[in-house]
Amino acid sequence: MRHIYFDSGDNCLVLLDQRLLPGQEQWFRCAKTADVVYALQKMVVRGAPAIGVSAAYGCVLAALEVEGRMDWREILAGKTDEIAMARPTAANLVWAVKRMRDFCRDKEFSTPAELAAMWLEEARRIHREDVETNKAIGINGRDLLQDGETVMTHCNAGALATGGYGTALGVVRAAVEQGKNISVIANETRPFLQGARLTAYELAEDNISVRVACDNACAFLMQRQMVHKVLVGADRIAANGDTANKIGTYALAVLAQRHNIPFYVAAPLSTFDFSMATGKEIPIEDREPQEVRYISGQLIVPEDVDAYNFAFDVTPYELISGIITENGVLTPPLSKAG
Ligand code: MRU
């Protein structure tokens, strides 16, 4: 599923608009840095690795935008900073912008256009590598799933959340490709409904069995033994293995422990942030209350009542059975796992 690409004829980053799925498949074109920042903040594109890939292409647009400016290096640094700061929690965003900056450090170029051409190659490399990484995560995680099992997932950690294939859903895909019969329960994931809209959409497209459940049904489904494994993605993983992911993930992990259900995180190494010792240091995005107060433009709470809209929570490492990466399955706490 190609949902992010750079149109070099038009010098545009083209994104499948995830706000409109599954009802409409519309493409959102970014011609300037500001468009990319908007697309990231408004969640035209979302999911930590997809955010990283889009940010890398965004740096190319930033370089093209400063062509002809005397002080272009300074302006460009400001623009790439704007991209890196578009959302605070996903480690892959800062990781990708840093990789783009580091890439040009020892290269020869004298104009922004020359830099943009080199950066486009690097952004495409980041994109390709992300898909390869997800396939490796899939292979490393697929034997954790047995034929006939049902996996509960939260948010969307699939092809749409990455350069392609997916992390948590990549593990499901790899198990299905092995010939196993795997079913998925996609928690709907209020307020943006990534589970109901996006996970269900992409699994249905691939003919993988999927059923949507209300977020508040997960305890009941676990109690009824309808869930064999929980498998989620990650936005940032601290050095000890504490994991930030979509709000509601922590509750799922607590419930999984209560019902003796293995709880796995699938994430690339670019999601790890070893500068943070524990999850307490991870910045949690606090989004507009309007996203909670309205559904499809309809106010669903009394006019003068406010809402919380923290976008992520942190699951302590003790609740995580394993973190599936491209290098293998790590068992938290990570320092002990080496
Ligand atoms: O707010 P979002 O949709 O960007 O949040 C996405 C998630 O929480 C995903 O689970 C995470 O980024 C992993 S995506 C492979």
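The side chains of Arg173 and Asp206 meet in a salt bridge, with N and O 2.7 Å apart; a salt bridge here is a side-chain nitrogen of Lys or Arg within 4 Å of a carboxyl oxygen of Asp or Glu. This pair links distant parts of the chain, for Arg173 lies in helix H6 and Asp206 in the loop between helix H7 (194–205) and strand S6 (209–213), 33 residues apart. The model is predicted: local features need pLDDT of at least 70, side-chain atom pairs count only at pLDDT 80 or more, and totals for chains, interfaces and linings use all residues. Residues are numbered from 1 along each chain as its sequence is written, and side-chain values use heavy atoms, with hydrogens and water left out.

**Salt bridges**

The structure holds 19 salt bridges. Three of the pairs are set out below.

| Pair | Closest N to O | Relative accessible area |
|---|---|---|
| Glu149 and Lys229 | 2.9 Å | Glu149 12%, Lys229 9% |

Buried means under 20% relative accessible area, exposed over 50%, and partly exposed in between (1.4 Å probe, protein chains only). Elsewhere, salt bridges that share partners join Arg87, Glu285, Arg287 and Glu291 into one network.

Glu149 and Lys229 form a salt bridge. The two residues are 80 apart in the chain, with Glu149 in the loop between H5 and S4 and Lys229 in strand S7 (residues 229–232). Glu149 is buried, and Lys229 is buried. By contrast, Arg125 and Glu122 both lie in helix H5, 3 residues apart, about one turn of the helix.

**Helices and strands**

Helices (H or I, at least four residues) and strands (E, at least two) are DSSP runs, numbered from the N terminus. The expected span of a helix is 1.5 Å times one less than its number of residues. The 13 residues of helix H3 (residues 72–84) should therefore span 18 Å, and the end C-alpha atoms of H3 are 18 Å apart, which agrees. In H3, the buried residues are Trp72, Ile75, Leu76, Lys79, Thr80, Ile83 and Ala84. Their cover includes helices H1 (33–41), H2 (48–65), H4 (91–104) and H5 (112–141). H2 itself has 18 residues and reaches 25 Å from its first C-alpha to its last, close to the 26 Å expected. It is mostly covered, with 16 of its 18 residues buried.

Strand S5 (residues 183–187) has 4 of its 5 residues buried, so it is largely enclosed by the rest of the structure. Strand S4 (residues 150–153) runs parallel to S5, and 4 bridges join them; strands pair if DSSP finds at least two bridges between them. Val151 stands opposite Val184 in S5.

**Two loop residues**

Gly158 lies in the loop between S4 and helix H6 (168–177) and counts as buried at 0% relative accessibility. Contact means heavy atoms within 4.5 Å. Beyond residues up to four places away in sequence, Gly158 touches Tyr165, Gly166, Leu169, Arg173 and Glu202.

Asp242 lies in the loop between strand S8 (236–238) and strand S9 (243–246). Asp242 is buried yet has no salt bridge, and the nearest side chain of opposite charge, Lys280, is 6.7 Å away; Lys and Arg count as positive and Asp and Glu as negative, while His and the chain ends are not counted. The side chain of Asp242 reaches the backbone nitrogen of Gly279 at 2.9 Å.

Methods:
Polar contact = N/O pair within 3.5 Å; in protein donor to acceptor, adjacent residues only side chain to side chain.
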